[in-house]
Number of protein chains: 2
Amino acid sequence: MILEKDDKLILLTNDDGLYAAGLKTLLEVMEEFGKVVLISTVESMSGMSQALTVKTPIRVKLLEENDRHRIYACSGTPTDSVKLAINQLLERAPDWVASGINHGANASVSVLYSGTMAAAIEGCLYGINSVGFSLNNFSPAADFSICKKYIRIVMKKLASEPLPSGICLNVNIPSARKDEIKGIKICRQARGNWKEEFEKRKDPMGKTYYWLTGVFINHEPESTDTDEWALTNNFVSVVPVTVDMTAHSYIDKLRKSFKK
Amino acid sequence: MILEKDDKLILLTNDDGLYAAGLKTLLEVMEEFGKVVLISTVESMSGMSQALTVKTPIRVKLLEENDRHRIYACSGTPTDSVKLAINQLLERAPDWVASGINHGANASVSVLYSGTMAAAIEGCLYGINSVGFSLNNFSPAADFSICKKYIRIVMKKLASEPLPSGICLNVNIPSARKDEIKGIKICRQARGNWKEEFEKRKDPMGKTYYWLTGVFINHEPESTDTDEWALTNNFVSVVPVTVDMTAHSYIDKLRKSFKK
């Protein structure tokens, strides 16, 4: 892959691993926008959040190269992959970081656990226009092709109006037929949490172990400006995500409280 | 440990593992405030962020119990530990989740990578008053005892004025002598990023591997209202942290942009 001066360079990753159908779909769309360097793990890394690999070294292998893309396998997390690509593998800083298409939604507080969104947040921390895409369909037979139209719209928007520093996009696509999707809705993250229901089991040696399972609880199902509402009502949700986790609205109150 | 009706119940964890000096110090202080259930990993889990264990089962072992505390070893991440404790191990929902004292600061964007803060954020998602403590000293000989005074102040404040839903505290204590610490400063998260400098090495088989290293770049060293400034100037920084990652200030602009 030769990067010409006018080529856009896109760093692509995900958290479902190199063989995920959603990654293949996203690669196809990204190649319409520029040269693509894809880096991901062989195995899936779901729920890895912004985790870093600090106790073991990271290994990278170039798997494939043609005139449109290069593909690397990385042993680290999605966040490691973005860091390593930007620092060691890319010809120059990428124009975009794209992550996904995740197999399953990353709406509401799932943004905190998501490896897909962590990769986008990492790109954003480097000052790069970054976006994570997820499909609200966990079925092995999920049809990712319905996402293409909306990925193109978002990418064209990013090309014409770059995001401000410290903000990336969290795009979730509903699980619906093409003709049922009502369009794009700019949203805020819904208030909610995952209520865990650990499955307690015994192993063949009689020892207890737990599987993490859970159900998402939307604390405000009636609010129509949230990503959860958008997905439930067949809209594509686009949430601007900030890397600033300060609760700014509470600073003054806290300051007063500590002065007492 | 018998939990009486009037006892406060504190869930305690960290990301430096069960043998970390900072955890021992935090346990000592927490026992002044109530009965403590401590759960952590044997090994350290630094940089694990809000990662979940979804591909392997989680194991837990009761290591120690007396009339003041119970201590569990958990095979999962700090976030798993909080989830599992609340759902399977505790008599009832805890009054507080406390995490730390981390060996090293978690100021600015380190909140995104920190397992210590992830545990506090997890408690917060369950509607529990939660706080993460970190000491800005990475030395193996770090003196955690200087933190005690400030942990007590923060805990008393939380007891008298509980935090609003969706907000937890990120408390960083400077690396200084007791008499050099100037007090507590309520701050916002500084804008900055970690600039990686991967160390590229060859293993004995001649294959390349990378170690993640990095330096933190403060993008606004002159701003006096940030956690980074506070630490540098020997203040204890207290940042209210929200689980809402929406860039609210950008929603209207994005909405207009997508309407064009």
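## Exercises on a predicted two-chain model

Chain A can be laid on chain B with an RMSD of 0.0 Å, using a turn of 180° and a shift of 0.0 Å along the axis.

### Exercise 1. Symmetry and the shared surface

Work out what kind of axis relates chain A to chain B, and describe the surface through which the chains touch.

*Solution.* 

Step 1. Start with the general idea: two copies of a chain are related by a rotation about an axis and a shift along it.

Step 2. Here the turn is 180° and the shift is 0.0 Å. That is the relation of a two-fold axis.

Step 3. Now look at what each copy brings to the contact. Of the contact residues of chain A, 100% recur in chain B, so the same surface serves both copies.

Step 4. Count the residues: chain A gives 57 residues and chain B gives 57 residues. On the side of chain A that touches chain B, the elements giving two or more residues include the helices α2 (78–89), α4 (115–125) and α7 (251–259), along with the strands β9 (192–196) and β13 (236–242).

Step 5. Sort that side of chain A by class, and you find 33 nonpolar, 14 polar and ten charged residues.

### Exercise 2. The sheet of chain A

Give the strand order of the nine-stranded sheet in chain A, and find which strands stand at its edges.

*Solution.* 

Step 1. Follow the open sheet from one end to the other: the order is β3-β4-β2-β1-β5-β6-β7-β13-β8 in chain A, and the pairing is mixed.

Step 2. The edges are held by β3 (60–65) and β8 of chain A; each has a single partner strand, so one side of each has no neighbour in the sheet.

Step 3. Zoom in on one pair. Four bridges join β1 (residues 9–13) to β2 (residues 35–40) of chain A in the parallel sense, and A:I10 has A:V36 as its bridge partner in β2(A).

Step 4. α2(A) lies across β1, β2, β3, β4 (69–74) and β5 (96–103) of chain A, at about 135° to β2(A). Helix α5 (residues 148–160) of chain A packs on the sheet as well, touching β5, β6 (129–135), β7 (167–173), β8 and β13 of chain A, and its direction makes about 170° with that of β6(A).

### Exercise 3. A hairpin in chain A

*Solution.* 

Step 1. Check the pairing: β10 (residues 199–202) of chain A and β11(A) are antiparallel, with four bridges between them.

Step 2. Pick out a bridge: A:R201 is partnered by A:Y209 in β11(A).

### Exercise 4. Two helix pairs in chain B

Classify the packing of α2(B) with α4(B), and then that of α1(B) with α5(B), as roughly parallel or oblique.

*Solution.* 

Step 1. For the α2(B) and α4(B) pair, the axes come within 8 Å and cross at roughly 30°. Angles under 35 degrees count as roughly parallel, and these two helices are therefore roughly parallel to each other. Their crossing is right-handed.

Step 2. Name the residues in contact: B:P78, B:T79, B:S81, B:V82 and B:K83 come from α2(B), while B:G115, B:T116, B:A118, B:A119, B:E122 and B:G123 come from α4(B). By class, four are nonpolar, five polar and two charged.

Step 3. For α1 (residues 21–30) and α5 (residues 148–160) of chain B, the axes are 10 Å apart and the angle is about 45°. That makes α1(B) oblique to α5(B). This crossing, too, is right-handed.

Step 4. Here α1(B) contributes B:T25, B:L26 and B:V29, and α5(B) contributes B:K148, B:I151 and B:R152. Three of these residues are nonpolar, one is polar and two are charged.

Note on methods: Residues numbered from 1 in each chain as written. Chains lettered and ligands numbered in written order. Predicted model: local features only at pLDDT ≥ 70, side-chain atom pairs only at ≥ 80, totals over all residues. Axes fitted to C-alpha atoms, helices over the stretch in contact; angles between N-to-C directions. Parallel < 35°, antiparallel > 145°, perpendicular 65-115°, else oblique. Left-handed = near helix turned anticlockwise from the far one by under 90°. Contact = placed C-beta atoms within 7 Å. Nonpolar A, V, L, I, M, F, W, Y, C, P; charged D, E, K, R; others polar. Least-squares fit on C-alpha atoms with pLDDT ≥ 70 in both. Pairing = 2+ DSSP bridges.
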